[in-house]
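Here's a quick tour for anyone meeting this structure for the first time. Have a look around, then read on.

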Amino acid sequence: MSVSYITRQQRAVLSCIESCSGGCATAAELAELLHQQGQAVGLTTVYRQLEKLEKQGMVHKIVTDEGARYQFCDCRRRGHDCFLMKCERCGRVEHMDCDHLAPLYAHMYEAHHFRVNPQRTLFYGVCQACAEKVEEQE
């Protein structure tokens with residue numbers, strides 16, 4: 001399937017993800033939103049469309065202790081690599097479109113013969129909001 005070809009169901013799933021807080025949701029949340037919008041789409045169909053969208057680079061699949069969440073991503077369509085950052089305090093996942101990692105990815109391949117998959121790269125740390133809360137408490 002071509003990256004530029006998006007089915008009606010995929011477009012509906014993407015639209016739901018984009019409308020969610022942080023552009024991120026579970027498959028069950030998306031199925032519920034689609035039902036609320038009057039679309040008769042089953043959970044199995046939502047999972048199937050999410051899998052296709054992930055392969056096309058249009059969503060990130062984020063595996064958490066609570067299960068998988070999916071986040072909208074249009075970087076590949078724009079010709080960029082991206083990655084995700086997860087706050088270890090609040091659990092929020094941020095999508096980052098940053099070209100500064102390209103040299104690291106190149107180094108990993110050239111020096112270590114390892115190709116990094118930016119779509120599945122997740123950095124852990126502390127977000128600015130949580131860091132500020134810690135500073136206020138000190």
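Let's start with histidine 60, which is buried, with a relative accessible area of 0%; buried here means under 20% relative accessible area, exposed over 50% and partly exposed in between (1.4 Å probe, protein chains only). Keep in mind that this is a predicted model, where local features need pLDDT of at least 70, side-chain atom pairs count only at pLDDT 80 or more, and totals for chains, interfaces and linings use all residues. Numbering starts from 1 along each chain as its sequence is written, and side-chain values use heavy atoms, with hydrogens and water left out.

So where does histidine 60 sit? You'll find histidine 60 in strand β2 (residues 59-64). Helices (H or I, at least four residues) and strands (E, at least two) are DSSP runs, numbered from the N terminus. Leaving aside neighbours within four places in sequence, histidine 60 is in contact (heavy atoms within 4.5 Å) with Arg69, Tyr70, Gln71, Cys73, Cys82, Leu84, His95 and Gln119.

Strand β2 belongs to an open, antiparallel sheet of three strands, ordered β1-β3-β2. Its edge strands, pairing on one side only, are β1 (24-25) and β2. Pairing takes at least two bridges found by DSSP between two strands. Between β1 and β3 there are two bridges, and cysteine 24 stands opposite glutamine 71 in β3.

| Helix | Strands touched or crossed | Angle |
|---|---|---|
| α1 | β1, β2 and β3 | about 95° to β3 |

Three strands make an open sheet in the order β5-β4-β6, with mixed pairing. At its edges are β5 (93-96) and β6 (122-125), and neighbouring strands are turned by 25° against each other on average, direction ignored. Strand β4 (residues 83-87) pairs with β6 in the parallel sense over four bridges. Cysteine 87 has glycine 125 in β6 as its bridge partner.

Finally, the largest nonpolar core has 20 residues, and those with the most contacts inside it include Val13, Leu14 and Ile17. Such a core is a set of buried Ala, Val, Leu, Ile, Met, Phe, Trp, Tyr and Cys residues joined through side-chain atoms within 4.5 Å. α1 gives the most to this core, with five residues. Not counting residues up to four places away in sequence, leucine 14 touches Ile6, Leu53, Met58, Val59 and Phe72.

How values were computed. Axes fitted to C-alpha atoms, helices over the stretch in contact; angles between N-to-C directions.
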